[in-house]
Amino acid sequence: MKRLLTTIIIALATLAAHAQHGQLAAMRNVVEGGYNFWLYAPSEYVTDHRRVPVIIFLHGASLCGNNMQRVRRYGLLHAIAKGRYYPCMVIAPQNPGGAWRPDKIARVLDWVEARHDIDTTRVYVIGMSLGGYGTLDFAGTYPDRVAAAMALCGGSTLKDFGGLGRIPLWILHGTADRAVPVSQSKAVVEAIKESGNDGLLRYDWVPGASHGDLARLLYLKQTYDWLFFHTTLDNPREVDRDVTITKDDLRNAYSDLDPKATEFDIVDEIKPTKQP
């Protein structure tokens, strides 16, 4: 029943989106001690002022720097531009270099929550490569703020993995990854298992998949179906084990994209709905 309701809500929102535009804004130097970031708001938020979930996307090392346009080269913002639609706000920070810092990501999330009427029970985080490390480090540091997390071809610098055992978590890695060996993800899985708190953990080692193959997950419908299944209000917390992702799914990740469904306007600022 929960999955059916989620599917219906998303389908209705997708139909409505064809007639309305979302908005995208580059936020520079607005969060003290945080990152510069892109903020995307769907038409449901911009036009109808509905409370929406949030996905934090953490990019890999190739997008680091100070040119924020790089963050749009692949990942959630690029997937939206290509036609992957979901009714959620997207926070896409840019890492200037080095490891992702969970505290700086948290400050960006604080800034957005203070100004925008978002559903704080449905904050999701997903990242790839260096962003996969950042995803696990952030989710493990702030598990109470995360409804679900998905880490692609990454690893973790955490010393205590107890926090990761408290959230629905899906770790995926290709067995033919030459950029980040699958052993990095396997080490995280083993650490969570050793903590004795792996009831909310999923992991898949995609046979023969390369580093680039896993990037296709960011364009795949099932990825967002899985994330949106979860909320921090679930009592007890549960992890969706029904959604599956195969190498064939990755090959066909772009087959149903419709750019007309995700047209958006680039603006200076997305109008706040709350007073900070």
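Asp-103 is partly exposed, with a relative accessible area of 22%, where partly exposed covers the range between buried (under 20% relative accessible area) and exposed (over 50%), taken with a 1.4 Å probe on protein chains only. Its side chain meets that of Arg-101 in a salt bridge, 2.6 Å from N to O; the term stands for a side-chain nitrogen of Lys or Arg within 4 Å of a carboxyl oxygen of Asp or Glu. Arg-101 is likewise partly exposed, at 42% relative accessibility. Together with Arg-107, Arg-101 and Asp-103 form a network of salt bridges. The model is a predicted one, in which local features need pLDDT of at least 70 and side-chain atom pairs count only at pLDDT 80 or more, while totals for chains, interfaces and linings use all residues. Residues are numbered from 1 along each chain as its sequence is written, and side-chain values use heavy atoms, with hydrogens and water left out.

In total, 12 salt bridges are counted. Side chains of opposite charge can pair when their charged atoms come close. Helices (H or I, at least four residues) and strands (E, at least two) are DSSP runs, numbered from the N terminus. Arg-84 is buried, with a relative accessible area of 8%, whereas Asp-256 is partly exposed at 42%.

A further salt bridge joins Arg-251 and Asp-248, at 2.2 Å from N to O. Both residues belong to helix α9 and lie three residues apart, about one turn of the helix. An α-helix has 3.6 residues a turn, so residues three or four places apart point the same way. Arg-251 is exposed, with a relative accessible area of 52%, and Asp-248 is partly exposed, at 47%.

Helix α5 (residues 130-141) has 12 residues, and its end C-alpha atoms are 16 Å apart. In the loop between β5 and α5 lies Ser-129, which has a positive phi of about 60° although it is not a glycine. Ser-129 is buried, at 12% relative accessibility.

What does Leu-152 touch, leaving aside residues up to four places away in sequence? Its contacts (heavy atoms within 4.5 Å) include Ser-129, Gly-132, Leu-172 and Leu-218. Leu-152 is also a member of the largest nonpolar core, which has 48 residues; such a core is a set of buried Ala, Val, Leu, Ile, Met, Phe, Trp, Tyr and Cys residues joined through side-chain atoms within 4.5 Å. Ile-55, Leu-152, Leu-218 and Leu-227 touch the most other members of this core. A second, separate core of 42 residues includes Val-52, Val-123, Leu-158 and Leu-169.

Leu-169 is also touched by Ile-192, a residue of helix α6. Ile-192 is buried, with a relative accessible area of 0%. Its C-alpha atom is separated by 6.4 Å from that of Gly-165, 27 residues apart along the chain.

The largest cavity holds about 100 Å³ of space. A cavity is a set of points on a 1 Å grid over the protein atoms alone where a 1.4 Å probe fits but cannot get out, and its lining residues have an atom within 4 Å of a point. Grid points are joined across faces, edges and corners, and the volume is the space filled by probe spheres set on the points. The lining includes Arg-84, Ile-55, Tyr-40 and Thr-262, and α3 gives the most to it, with three residues.

Two loop features complete the description. A cis peptide bond, with omega about 5°, joins Asn-235 and Pro-236, and Pro-236 is found in the loop between α8 (221-228) and α9. His-49, in the loop between α2 (43-46) and β3, has a positive phi of about 55° although it is not a glycine. His-49 is exposed, with a relative accessible area of 56%.

Conventions:
The expected span of a helix is 1.5 Å times one less than its number of residues. On a 1 Å grid over the protein atoms alone, a cavity is a set of points where a 1.4 Å probe fits but cannot get out, and a pocket is an open set with protein on both sides within 12 Å along at least five of seven lines; lining residues have an atom within 4 Å of a point.
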